[in-house]
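Please read it with the structure open.

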Amino acid sequence: MNNREAMRDGVRQAYTTIAGRPLNEPLFPTGRALAENLGYPADLLDTLPTVSVEAFCGVSNVSLFAEIPEAATVLDLGAGAGLDTLIAAKRAGKSGKVIAIDFSEAMLARARLAISEAQATNVEARLADAEELPVADASVDVVIVNGIFNLNPYRERIFSELARVVRPGGIVFAAELILSAAFTQKQRSDSTNWFS
């Protein structure tokens, strides 16, 4: 197995673990406390299914700051447990549509349960890798991405796919963690560090 695939498998396993046991000491901050810390209002989180809130793993509140017009077709790339998906679905309205894509079957199962609990009829959840999107060319108005680029070794292909699926005049809203200082040589050579 090459390093890229080993990284992808490690990330998928981490998210599968969080999806299965979100309240057990995760590898990194997750859940409602993280969402509130990132600026999601508590009263908004109260309206969302617990199954999506307790396994939230984002890096920002992208579904709140993104410009999502009524009736838009929205792609939530790296949808996880569906918290941003459901917010985007409310913002797009019944005449809009949200396509939630994630590469973790366990996270997508949570998202599907949350979609069902929220009775969100304008959402489709699809299992796929970010660099091979099951989405038609030029079919999306708005893309939201909440922290997947650092965790995917095929970033260039993701950007190509986003360019393919976004309509002319469409827009991508993305949030990501960035380094405040360069890694040391030791950190760069650590194969367990996803960000090196």
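**Sheet, helices and salt bridges**

The model is a predicted one.

- Five strands form an open sheet with parallel pairing, in the order β3-β2-β1-β4-β5.
- Strands β3 (123-127) and β5 (166-175) stand at the edges with a single partner strand each, so one side of each has no neighbour in the sheet.
- From one strand to the next, the twist averages 20 degrees.
- Strand β1 (residues 73-77) runs parallel to β4 (residues 140-146), and 4 bridges join them.
- Leu77 has Val145 in β4 as its bridge partner.
- Between β4 and β5, which also run parallel, there are 6 bridges.
- Val142 stands opposite Ile171 of β5.

**Helices on the sheet**

- Helix α7 (residues 105-117) packs on the sheet and touches β2 (97-102) and β3. The direction of α7 makes about 165 degrees with that of β3.
- Helix α8 (residues 155-165) also packs on the sheet, where it touches β1, β4 and β5. The angle between the directions of α8 and β5 is about 140 degrees.
- The buried residues in α8 are Ile158, Glu161, Leu162 and Val165. Viewed down the helix axis, the buried residues of α8 fall within an arc of 100 degrees, so they line one face of the helix.
- The cover over the buried residues of α8 includes β1, β4 and β5.
- Glu156 and Ala163 are exposed, on the face of α8 turned away from its buried side.

**Salt bridges**

- The count of salt bridges comes to 9.
- Arg32 pairs with Asp46, with the closest N and O atoms 2.8 Å apart. This pair links helix α2 (residues 31-37), which holds Arg32, to helix α3 (residues 42-46), which holds Asp46, across 14 residues.
- Arg32 is partly exposed at 29% relative accessible area, while Asp46 is exposed at 56%.
- Glu124 and Arg126 form a salt bridge through their side chains, at 2.4 Å from N to O. Glu124 is partly exposed, at 31% relative accessibility.
- Arg167 forms a salt bridge with Asp141, the closest N and O atoms being 2.8 Å apart. The two lie 26 residues apart, with Arg167 in strand β5 and Asp141 in strand β4.
- Arg167 is partly exposed at 31% relative accessibility, and Asp141 is partly exposed at 24%.

Methods
Residues numbered from 1 in each chain as written. Predicted model: local features only at pLDDT ≥ 70, side-chain atom pairs only at ≥ 80, totals over all residues. Heavy atoms only, no water. Pairing = 2+ DSSP bridges. Axes fitted to C-alpha atoms, helices over the stretch in contact; angles between N-to-C directions. Contact = heavy atoms within 4.5 Å. Buried < 20%, exposed > 50% of the residue type's maximum accessible area, 1.4 Å probe, protein only. Arc of directions from axis to C-beta. Salt bridge = Lys/Arg side-chain N within 4 Å of Asp/Glu carboxyl O.
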